[in-house]
Amino acid sequence: MKKIILVLLCVTLLFALISCGEDKNPSDVGTDTDVNAVETEPPIRVIDEIYGMFDEQYDFIYEDICLIPGTFTSDSSFYSLLDERTSEYPVSDVEKYSSRTPTIRYLVEKMGLSEEDVKNYYSAAAEAGAYESSPTDNIISLIAGNNTAAVMDACAHLSALAKGGRVFTLRTLLSNDLSEYGVTDDDIKATVNRAKEYYGSALLREENLTDEMAEKLTALGFEVIKEKVGSLCSVHSDEYHTIPEALLKTVDSAAFEAWKKNSSSPSDDCTEGVSIVSFVKEFSISKESFIEIYNAEGGTLGNYNADVIYGDEADAYYREKHAALEADIAADRAIAALKAKISEDKGMSDFITNVHEFSLAEIVLMLDNDSAYFATLSNLTADLPDLSFEKIYSESSKLLNMIGKRSVYYIDRYVSGRHTFEAPYEAHQALSK
């Protein structure tokens, strides 16, 4: 479950109090308790992370127990109990996790707390501003009583389902067949509707769902909100509707503007008329010429997959994000910007008129090893985490031997710590698969 950090400043005459929140990290199998930095505002439960929306089991006030002087929490031994609880109820085990009681109930049982202990805790917590609301006297009586199933039902989060002495998170409901526990589709639909009221439309956004969850929501009659792929069009990524300058230079500008004006939408659910597919067809740009231009731009052109553009799958291909390829293109653009910046700063622009014709190693080795200057370029190397100017100098003999035998692009990839390819199109094709 996602870690929702709860921080609390309960100011008393002698104490600055720190709140603790249960672990909501999906990579973990249970819950932890951390001591966090203090804030000057009382905590407000804001779930703004993907897993928070789907993994809440119980309301905040029953799950996140704060250090409050004069109450049972003054004895910090309850932390070890929470660690113990983590191992007892792994999130991945539906059978066990759904039977997990809220934290306050668990502590009542383990620490032998009385109703008065619980009441004193919540009264002191309310005075300190630890929670936005407090349990009613009836719920406090339930928490300290003997009816565990009633406690679970009373403390369940709005986005969870309490049924048959169990509490199921929304993720569990959407990812598992729970019929053996008496959970019906109507139960799940009602839970989703409650969660929608609580979280809003973010709950149904495709980017916040696993494929399994999206399929279940669709089967239940909910409309999953598709992720917006590009800024020009909600259906396709921007490359699909953008014609790079390097390609525009190959066609008559007046003819292009006329074509652009008269272009029809490339698909029924897309309102943007211009597409890279129709452009290469309209102006008879061959695939070979396209790839030659792509390579000449040193990998900076963008996600223009010629095999796709000149094939039959472009519409589907550009409806998806290609994260690995986009990261690689960002690195190519960072290398080009870095070469341009160094050339300008060091008065080499008249000599290096096209940065794609010179490797970064060549440019850097023309200079003294000025570590102070290279440190000023850190804003240009964010997409190049494995680039080291020191390494370029330490491997100067190897790189000088490589220059002339390998392509500029190959050397740029080598010094930036990436898998080497001789040409951008070759590299980007490998990453787009």
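**Exercise 1. Find what share of the contacts between residues at least 6 apart in sequence join residues at least 24 apart.**

Step 1. Start with the term: a contact means heavy atoms within 4.5 Å.
Step 2. Among the protein's contacts between residues at least 6 apart in sequence, 62% join residues at least 24 apart.
Step 3. Keep the origin of the coordinates in mind. This is a predicted model, in which local features need pLDDT of at least 70 and side-chain atom pairs count only at pLDDT 80 or more, while totals for chains, interfaces and linings use all residues. Residues are numbered from 1 along each chain as its sequence is written, and side-chain values use heavy atoms, with hydrogens and water left out.

**Exercise 2. Decide which residues call for caution, using pLDDT.**

Step 1. pLDDT is the predictor's confidence in each residue, from 0 to 100.
Step 2. The protein averages a pLDDT of 84, and 86% of the residues score at least 70.
Step 3. Now turn to residues 1–50, where pLDDT stays under 50. The model has 138 contacts beyond four places in sequence for this stretch.
Step 4. Where pLDDT is low, the predicted coordinates should not be read in detail.

**Exercise 3. Describe how α18 and α23 pack.**

Step 1. Helices (H or I, at least four residues) and strands (E, at least two) are DSSP runs, numbered from the N terminus. The protein has 24 helices and two strands.
Step 2. Two packed helices are described by the angle between their axes and the distance between the axes. Axes here are lines fitted to C-alpha atoms, for helices over the stretch in contact, and angles run from 0 to 180 degrees between N-to-C directions.
Step 3. Helix α18 (residues 323–345) packs against helix α23 (residues 408–415) at an angle of about 100 degrees, and their axes are 11 Å apart.
Step 4. The two helices are therefore roughly perpendicular, a label that covers 65 to 115 degrees.
Step 5. On the α18 side, the contact uses Asp328, Asp332, Ile335 and Lys339; on the α23 side, Val408, Tyr409, Asp412 and Arg413.

**Exercise 4. Trace the salt bridges of Glu63 with Arg85 and Arg100.**

Step 1. The structure holds 18 salt bridges. In the one between Glu63 and Arg85, the closest N and O atoms are 3.8 Å apart.
Step 2. Glu63 sits in helix α2 (residues 60–63) and Arg85 in helix α3 (residues 78–88), so this pair ties together parts 22 residues apart in sequence.
Step 3. Glu63 also meets Arg100 in a salt bridge, at 2.8 Å from N to O. Arg100 is in the loop between α4 (94–97) and α5 (103–111), 37 residues from Glu63.
Step 4. Check burial: Glu63 and Arg85 are both buried, and Arg100 is buried too.

**Exercise 5. Are Glu109 and Arg105 buried or partly exposed?**

Step 1. Glu109 and Arg105 form a salt bridge, with the closest N and O atoms 3.1 Å apart.
Step 2. The two are four residues apart in helix α5, so about one helical turn separates them.
Step 3. Glu109 is partly exposed at 46% relative accessibility, whereas Arg105 is buried at 3%.

Terms used: Parallel < 35°, antiparallel > 145°, perpendicular 65-115°, else oblique. Salt bridge = Lys/Arg side-chain N within 4 Å of Asp/Glu carboxyl O. Buried < 20%, exposed > 50% of the residue type's maximum accessible area, 1.4 Å probe, protein only.
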